[in-house]
2 protein chains.
Amino acid sequence: MEEEALEFARNAHASQLRKYTGESYIEHPIRVATMVKTVPHTTEMVCAAYLHDVVEDTPVSLEDIQRKFGSTVATLVDELTDEFIKENYPDLNRKSRKEREVKRQANMSQAAKTIKLADVVDNTRDIIENDPDFARRYIPEMEALTEALQGGEFKLLMRACYQVQRGKLKLAEIRKRPVH
Amino acid sequence: MEEEALEFARNAHASQLRKYTGESYIEHPIRVATMVKTVPHTTEMVCAAYLHDVVEDTPVSLEDIQRKFGSTVATLVDELTDEFIKENYPDLNRKSRKEREVKRQANMSQAAKTIKLADVVDNTRDIIENDPDFARRYIPEMEALTEALQGGEFKLLMRACYQVQRGKLKLAEIRKRPVH
């Protein structure tokens, strides 16, 4: 089933590219699934790692996932799909939406938290290295998210904390540099 | 009371020096207390941070602490004093003693966990920079300890995770270097 989930996600993301690196989008879910495999996990968790951005970013619906991969995977993908997006809440600003999302994420299952931690590791590393301007907004959001993800597998919590703290130190360093 | 705790600790550690840096021992409890002050804390926590190694490493007794600083500070210092030391358990090896200590520490109060996290940050940084050989044994111990300290203030949990993960990456790098 894991191979099927990978191929399903590859087809769904199709020609989408990662914003900064220009690599195929599927490389990100592959890294997330690979991280999930380094800690205690189930097959359903690996499938959900491959599929975690499919409902959020492609025309695939949760019903498609449920039909093809069953309700355990579908429930995980549902938990991993942002609810407080601009489209659903056009009257809330980014800060309010992110705050509500984090409150929801603090109550996710342990399995979903573990997958989300791997997502934080990969995305935070990406932003630190490729978009220091956006990092000023993004790193504090990832700090609040990581705090909410306590309860997920500790090795991935540790790696997420490492990336967030590294981002904070990098931002502090940039602020200290003399302006030319 | 905080100033008194600092001076009491300074006198108790007297001429003791930190192993690697050769600085006065008191510099370490000062750094721990300074970190505790960066997160939500009580005066008793700051006092216990200054005093955290006094019962373990000097002739001062828990009764002395209780008499001078009251039972809240004494209870914290008691929690922060290793129980499974060689002297108390001469028949257990280091690994068994550390395992039992971590089990005990997982059940400490949230306040004691927060102080201990600051202690982990400072000691791990010290070992990584000054004793890479000992780090091979020490970093895995700090990883297990930090996992047990979940529930302490998140900002210090994040900083402890950062140091431990940094140590793991540094050890992996050393192992990869060609032997000359």
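**Interface and local features of the predicted two-chain model**

The contact between the two chains draws on 17 residues of chain A and 16 residues of chain B. Within the area that chain A buries against chain B, 43% is supplied by Phe154(A), Met158(A) and Tyr162(A), more than by any other three residues. Between them, chain A and chain B bury about 1,600 Å², and carbon and sulfur atoms account for 71% of this area. The model is a predicted one. For the complex, the predictor reports an ipTM of 0.86 and a pTM of 0.89. The average pLDDT of chain A is 94, with 99% of the residues scoring at least 70.

Polar and charged interactions were also examined across the interface. Two salt bridges are counted between chain A and chain B. A salt bridge joins Lys155(A) to Glu143(B), with a separation of 2.8 Å between the closest N and O atoms. Two residue pairs are in polar contact across the interface of chain A and chain B, both at pLDDT 80 or more. On the side of chain A that touches chain B, at least two residues each come from helix 8 (132-148) and helix 9 (154-176) of chain A. Helix 9 of chain A provides the largest share of this side, namely 12 residues. Classified by residue type, the side of chain A that touches chain B comprises seven nonpolar, four polar and six charged residues.

His13(A) lies in helix 1 of chain A, which spans residues 2-13. The relative accessible area of His13(A) is 1%, and the residue is therefore classed as buried, the cut-off being under 20%. Apart from neighbours within four places in sequence, the residues in contact with His13(A) are Tyr25(A), Pro29(A), Asp53(A), Val54(A), Asp57(A) and Thr58(A).

Ala14(A) is located in the loop between helix 1 and helix 2 (27-36) of chain A. The phi angle of Ala14(A) is near 40 degrees, a positive value in a residue other than glycine. With a relative accessible area of 52%, Ala14(A) is exposed, because the class begins over 50%. In chain B, Ala14(B) occupies the loop between helix 1 (2-13) and helix 2 (27-36). Phi of Ala14(B) is likewise near 40 degrees, again positive in a residue other than glycine. Ala14(B) has a relative accessibility of 55% and is accordingly counted as exposed.

Note on methods. Residues numbered from 1 in each chain as written. Chains lettered and ligands numbered in written order. Predicted model: local features only at pLDDT ≥ 70, side-chain atom pairs only at ≥ 80, totals over all residues. Heavy atoms only, no water. pLDDT = per-residue confidence, 0-100. Contact = heavy atoms within 4.5 Å. Buried area = accessible area lost by both parts, 1.4 Å probe. Salt bridge = Lys/Arg side-chain N within 4 Å of Asp/Glu carboxyl O. Polar contact = N/O pair within 3.5 Å; in protein donor to acceptor, adjacent residues only side chain to side chain. Helix = DSSP H or I, 4+ residues; strand = E, 2+ residues; numbered from the N terminus. Nonpolar A, V, L, I, M, F, W, Y, C, P; charged D, E, K, R; others polar. Buried < 20%, exposed > 50% of the residue type's maximum accessible area, 1.4 Å probe, protein only.
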